[in-house]
Amino acid sequence: MFVSLKHMGMDLKDKAKFPKVVIIGGGFGGLEVADKLADKPVEILMIDKHNYHTFQPLLYQVATGSLEAESIAFSLRKNFSEQKNFRFRIAEVTKVNPEKNIIDTTIGEIAYDYLVIATGSTTNFFGNKDVEQFAMPMKSIPEALNLRYLILQNLEEAILQKTKDEREPYLSFVLVGAGPTGVELAGALAELRNHILTKDYPELKKEDMKVYLVDFLPKVLGPMSDEASKGAYKFLKEMGVEVMLNVKVEGYNGTEIRFEGGKTIPTKNVIWSAGGNGSYPRRYFKRHYC
Ligand SMILES: Cc1cc2nc3c(=O)[nH]c(=O)nc-3n(C[C@H](O)[C@H](O)[C@H](O)COP(=O)(O)OP(=O)(O)OC[C@H]3O[C@@H](n4cnc5c(N)ncnc54)[C@H](O)[C@@H]3O)c2cc1C
């Protein structure tokens, strides 16, 4: 617990004497810690791979083209420009050396007195290598932009195909994982199909674009209340999303997704929102905790 500057009779200009708190990660966690330490007798150094904070809840709108990336990216330096005890460095942390109180980063070693690891999570493919190779994750702005390009590119490709069967893989969107990300993205893709598709691509038919939402649990929004789950299910069905529950993905080769029991869907658009892993500077955690 930190006491306030006033109680210690110290001024911020004495900051060289203050303990140094290094915060790895400028996500929600890192921002909250830096903010709570604003008037405390500490020197804060935040380190992130990017110089911006990503507002992840709106990534799906970037992926479907209804928001530009800069609308959900906020400069970390600018955010804390008024905070005197805050500094920022753009770097990737590769290792933590707790015995020396030092972290290894892409810009060299950095010493700390207190270390906050707020590095968020990465996509978990549960060891399914072919899914990892071909499916699209959506946890960062670059990934959301990749997804946007994939969607637009495959709509263009669909126009070039001669038959309905040839168009099917380009116009089938399979979202694996019916948590908030999968549900939001399924809804946004269904809106694109229902309201935009035939205006922008008059050569395509609305009914030829399919949106599938798949989960191995028996309901959408599994960990949420029954009311939220039933409400989301109803809205998705009304929007024309094909919700496939109690269904487990077995594999994906880039053109066809396979489910346990033998069912397949031809698709070039598989979006994986089925799980997350901690995103730690792994070398340290493997050695000390795993
Ligand atoms: C698509 C999507 C939608 C979501 N919607 C909602 C929602 O509606 N409501 C809700 O409450 N939550 C939502 N969440 C979850 C919420 O965004 C996360 O819980 C939250 O962002 C976690 O904050 P964090 O600070 O732990 O990690 P993050 O926000 O992921 O931040 C981690 C930061 O650490 C940095 N970093 C990682 N590794 C390193 C390294 N080795 N070196 C340097 N920097 C590193 C990253 O660049 C990143 O800036 C959503 C998540 C996603 C992906």
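**Exercise 1. Determine how the residues of the shell around the ligand divide by class.**

Solution. The structure is a predicted model, in which local features need pLDDT of at least 70, side-chain atom pairs count only at pLDDT 80 or more, and totals for chains, interfaces and linings use all residues. Residues are numbered from 1 along each chain as its sequence is written, and side-chain values use heavy atoms, with hydrogens and water left out.

Step 1. Ala, Val, Leu, Ile, Met, Phe, Trp, Tyr, Cys and Pro count as nonpolar, Asp, Glu, Lys and Arg as charged, and the others, Gly among them, as polar.

Step 2. The shell holds seven nonpolar, 10 polar and three charged residues.

Step 3. F28, G29, D48, Q56 and V93 come nearest among the 20 residues around the ligand (a residue is near if one of its heavy atoms lies within 4 Å).

**Exercise 2. Explain why the largest pocket lies between domain 1 and domain 2.**

Solution. A pocket is an open set of points on a 1 Å grid over the protein atoms alone, where a 1.4 Å probe fits, with protein on both sides within 12 Å along at least five of seven lines; lining residues have an atom within 4 Å of a point.

Step 1. The largest pocket has a volume of about 1200 Å³.

Step 2. Of its 46 lining residues, Q56, T119, G120, S121 and K139 are the closest to its centre.

Step 3. Domain 1 (5-123 + 278-288) and domain 2 (129-274) both contribute to this lining, so the pocket lies between them.

Terms used:
Grid points are joined across faces, edges and corners, and a volume is the space filled by probe spheres set on the points. Domain bounds come from an automatic or database domain assignment.
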